[in-house]
Structure formats: C-alpha cells, structure tokens
Amino acid sequence: MLRIAVPNKGTLSAPAAQMLRDAGYRQRTDPKDLVCRDEDNNVEFFYLRPRDIATYVASGDLDLGITGRDLLVDSGVPAQEMLDLGFGGATFRWAAPVGGLDSESQIGGKRIATAYPGVVGRYLAEHDLKADVVRLDGAVENAVRLGVADLIADVVETGTTLRQAGLVTLGEPLLRSSAILIGRLEGDADPKLSQLMRRLQGVLVARGYVMLAYDVRADLLDQATALTPGIESPTVSPLHREGWVAVQSMVRRADVHRVMDELYEIGARAILVTDIANCRL
C-alpha cells in the first residue's frame, strides 16, 4: 500500500486534500482523523505537520508527501521534488531598513533573522556568503527594530507589514515556493506512484485548460484553428449546414476570453466554454 503524507493544517491542508479528491482519492471527513485508508486505490494517507513531512519521506517511513518547497529546502533532508502542484505560492525575499543596504550582495557578515534558516543557509552556501543566521519562530519583521538582526528573510506578499516595520525588500527573491509532491531520492518503482502522478497531472491540466467549442465556415477553418491549435490537434466535424464545421479544442483558461473575442471577429459563432473536471493526455 502506498503511504502518503498530507498537511494536517495550515494553508496547504485544504487545497492538498481537494486536489487528491479531484484525482479520485478518498480523504478524511473529520479534521481530527490522523489516517485515512483508501482501499479502492490501495493508498493510505497520513495527516502530519507540514514541517515534518519531508523528514518522514526522507527516512523511508512514508513513500510520498505533499508539502511546501520552502519546507523541503528548510529541512535539509534527502528528499526530492517530483511535481509542482500549482497552489500555495509564496515568495521569500530579503528586507532591510530603508537606506541600509543596496543589494543582496552586501548581506555577508550581517545578522539575518528568519523563520527558515535552512532556506537562508542554502542561499548563503550557493553564493559563497557568510552571515550570522538568527532563527525566530515568528514576527520576524520586528527583529531589526529590536536590535536582534540587521536584515530579515521572510515570505513577502503585499509588503505592508514590512513598510510598517520600516523595511523594504532587497534584490531578487531568494526562493519562490509552492506546494509540491515529494519522494525519496532513491525509491522503488511502484505502479501506484505512476498512477498517482498521472492523476495529479490530469488535475493540473484540467485546472489550467477549458474545452472551447464553436461553429465556423469551412473556408475560415485555418484561421480559426490557428487560434485554437489544442494540445495535439482540434476536433473538426461537419455540420448539417452546408459549408460549416464544428470545432472543439482545449484552450488555456487564462487565454479563453481573448481567444473567444478573436474567433468571433473572424466569423465563428456559437462559441461555448466548458470546464474540464479531469483528463489524461
């Protein structure tokens, strides 16, 4: 039985469980449950603290896990990213007092406060920099004002909290994180793992694409299909109306309104959009 770790709480918990449901796997119905067995798919899910998931996977006690890229890097354990799941995005940035530092190249020798010492440590090692890393569990923005550090490294969303603390972001992000599926560096090939990967990839594609259907005159087909090439090729069927065809094609969700407008401009009609629940490509 495949053993998979899922975040038990936090921002990754609900989206991870929903993605697994969308992929056809049973999930717990009571948030207090620590284990959920999916007998039909021969998979067992364990609900753990997100920070602990990489450790359980790297040790071999569990086969796979869903966690954040930041948490995997911060743990420093030998596990590998297998698939970006497309949710839980976060950007880690340096922040320093206004006028304090000009670029991230100046952080050498400074005191850096962070809740993610592993993330900061990897960056320092990769850039051959040495600094004093001060680990804090939260409220990192106050570290500079209170004299604990010279700058911080933390997740930055709008930057409002930083500005309130008299800080500004510095240089490029040190890490862009999101929810990922992780596995051991060396694991036995398992057909259930391949099935899981296909299912999750199917969910990702379904979330990123819609099915677009429209009618168009046959003499305009080349122009229309240039706008809707599909994944491999659009499906084209003759209509009862002479000289017209029906077209179906997968289109990126982010582009669909622009594509619909352009199709209408060249003469396509009955343009319909349908959500895709799941797929296999």
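Biologist: Which residues does the UniProt annotation "domain: Histidine biosynthesis HisG C-terminal" cover, and what is the chain like over residues 206-278?

Modeller: In the record, an unreviewed entry, that annotation covers residues 206-278; in this predicted model, the chain over that range is 29% helix and 40% strand, with its end C-alpha atoms 5 Å apart.

Biologist: How do you know that strand 1 and strand 3 pair?

Modeller: Pairing requires at least two bridges between two strands, and strand 1 and strand 3 (residues 43-48) have 6 bridges in the parallel sense, so they qualify as paired. Within this pairing, Ala5 stands opposite Phe46 in strand 3.

Biologist: Why is strand 1 called mostly covered?

Modeller: Buried means under 20% relative accessible area, and 5 of the 6 residues of strand 1 (residues 2-7) are buried; the description therefore follows from that count.

Biologist: What makes strand 8 and strand 10 the edge strands of the open sheet of 5 strands?

Modeller: The order of that sheet is 8-7-9-6-10, with mixed pairing, and strand 8 (132-135) and strand 10 (167-177) each pair on one side only. Neighbouring strands of this sheet are turned by 25° against each other on average, direction ignored. Inside the sheet, strand 7 (residues 111-114) is joined to strand 9 (residues 151-155) by 3 bridges, and the two run parallel; Leu151 in strand 9 is the bridge partner of Ile112.

Biologist: How do you know that helix 4 packs on the sheet?

Modeller: Contact means heavy atoms within 4.5 Å, and helix 4 (residues 117-126) touches strand 6 (90-97), strand 7, strand 8, strand 9 and strand 10, while its direction makes about 90° with that of strand 10.

Biologist: Why is the set of residues that includes Trp94 and Ile107 called a nonpolar core?

Modeller: The name applies because such a set consists of buried residues of nonpolar types joined through side-chain atoms within 4.5 Å. The largest has 30 residues, and those with the most contacts inside it are Trp94, Ile107, Ile112, Ile152 and Leu174. Among the elements that each supply at least two residues of this core are helix 3 (69-75), helix 4 and helix 5 (142-145). A second, separate core of 25 residues includes Ala16, Cys36, Ala179 and Val203.

Methods
Residues numbered from 1 in each chain as written. Predicted model: local features only at pLDDT ≥ 70, side-chain atom pairs only at ≥ 80, totals over all residues. Heavy atoms only, no water. Helix = DSSP H or I, 4+ residues; strand = E, 2+ residues; numbered from the N terminus. Axes fitted to C-alpha atoms, helices over the stretch in contact; angles between N-to-C directions. UniProt positions renumbered as here; feature names shortened; annotations may be inferred. Buried < 20%, exposed > 50% of the residue type's maximum accessible area, 1.4 Å probe, protein only.
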